[in-house]
Amino acid sequence: MSYPGYPPSDGYPAFPGYPPTGQESVYPPAGQYTYPAGYPPAGGGTYPAAPPNAGFPGTGYPAPGGYPGAPQAGGMPPYPGGAGFGVPPAGPGFGGYPQPPAQNYAGGGPAQFPGFPGGQAPSPMPGPPAAMVQGTQGTIQAAPNFDAGRDAEILRKAMKGFGTDEQAIIDVVANRSNDQRQKIKAAFKTMYGKDLIKDLKSELSGNVEELILALFMPSTYYDAWSLRHAMKGAGTQESVLIEILCTRTNQEIRDIVNCYKSEFGRDIEQDIRADTSGHFERLLISMCQGNRDENQTVDYQKAQEDAQRLYQAGEGKLGTDESCFNMVLASRSFPQLKATVEAYSRIANRDLLSSIDREFSGNVERGLKTIVQCALNRPAFFAERLYHSMRGAGTDDSTLIRIVVTRSEIDLVQIKQMFTQMYQKTLATMIASDTSGDYRRLLLAIVGQ
């Protein structure tokens, strides 16, 4: 089965100025494209055929054992810092990294949040919200008539005295943007001389604590923190490295790299080199540069040339030229990559994801396929990750929390839609059956029904 939304059933949409005048015979008009004989391969398509009974019942979707691989079960590692997060030993607090309220794939400037732990918020960068530019939407919007002091008072009352009013806390944090949560955190310290994060950690426990603390982390810091803990200690959580480094915008990557250095006193490239190797290491180092072309104009001649180059580097030769795949997939814009994928299917009589599956293995295969999947259908990639986090015995709560939190103001609405399309059940239904208590209530409040 093809990757969700690709290829579109009604043909590829027309692009301005395409096909070039006089070359109509070379590029068939939109809606009249026909696949060459043998494509998609029978029973195949974007993903290799699933073994019998391995897929999700009744969906026809590829087996959940396919890409991306099921994350390892296990909760979040302990949060750094005794009095809250973002304070390295003998160092200052989180220094005011920009955190985009929505993802702008066109490279627009992200909004700023107030300095951590306090301070005034600088004026946001001009430009339309990325959700408008890209047609994506988060489930959490900035609350109207916001009053940080009032919210701080509600949280103080919820934690004061005997017991904790978890529902009051949920009602506040699930209905405020990340920028507003930073202001609540600052107002709380101003009003009561206490650290909100420290108070929350003393009142809460388990998964609901981890989820609330994640919601109060500035988004750039949360990504940097997740990467640090994916490489800290014995073993490496490669799926976390792929999920973050292969899906973020250039500006987000650069902010993450700077935050990682400032907050943890470490160079992320050095940590990646120490924890990974080979072609996977090179791919992640490429991603860390934050230098992907973000020009949204598609060059169809280049797409054709890149597709030919990729074919000759893989299916068209004995062995694989891994550096060619790295070069194309790490540097081209996502719209350009989508055109390259379409051109590749015409050249190879096979889609690019299937070729990567045949030519690569392990983490580099998963990383390359993540980039292609994001070029084709980003919400579908995250929907699949969410499904894997809850599939089978046990729940990978760290992945569930991370994706719900990081996409809640960007494209969680579209992720929910893709989840239903891919798995014939809603994301809320699966969350409700896999979680419990205040943790379930808070997740459902963020995701929505």
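Modeller: Gladly. Helix α16 (residues 362-390) holds both E365 and K369, which are 4 residues apart, about one turn of the helix. Keep in mind that this is a predicted model.

Biologist: Why is the contact between E365 and K369 called a salt bridge?

Modeller: The closest N and O atoms of the two are 3.4 Å apart. The cut-off is 4 Å between a side-chain nitrogen of Lys or Arg and a carboxyl oxygen of Asp or Glu, so the pair qualifies. Both E365 and K369 are buried.

Biologist: What makes D306 and R332 a salt bridge?

Modeller: Their side chains meet at 2.5 Å, N to O, and the limit is 4 Å. D306 belongs to helix α12 (residues 300-313), while R332 sits in the loop between α13 (322-331) and α14 (334-348), so the pair ties together parts 26 residues apart in sequence.

Biologist: How do you know whether D306 and R332 are buried or exposed?

Modeller: Buried means under 20% relative accessible area. D306 has 1% relative accessibility, so it counts as buried. R332 has 14%, so R332 is buried as well.

Biologist: And R441, why is it called partly exposed?

Modeller: Its relative accessibility is 42%. That value falls between the 20% and 50% cut-offs, so R441 is partly exposed. R441 also meets D438 in a salt bridge (2.5 Å, N to O).

Biologist: What puts R378 over the face of F334?

Modeller: R378 is 4.7 Å from the ring centre, and the distance limit is 6 Å. R156 likewise lies over the face of Y192, at 5.5 Å from the ring centre.

How values were computed:
Residues are numbered from 1 along each chain as its sequence is written. This is a predicted model: local features need pLDDT of at least 70, side-chain atom pairs count only at pLDDT 80 or more; totals for chains, interfaces and linings use all residues. Side-chain values use heavy atoms; hydrogens and water are left out. A charge sits over a ring if NZ of Lys or CZ of Arg is within 6 Å of the ring centre and within 35 degrees of the ring normal. Helices (H or I, at least four residues) and strands (E, at least two) are DSSP runs, numbered from the N terminus. Buried means under 20% relative accessible area, exposed over 50%, partly exposed in between (1.4 Å probe, protein chains only).
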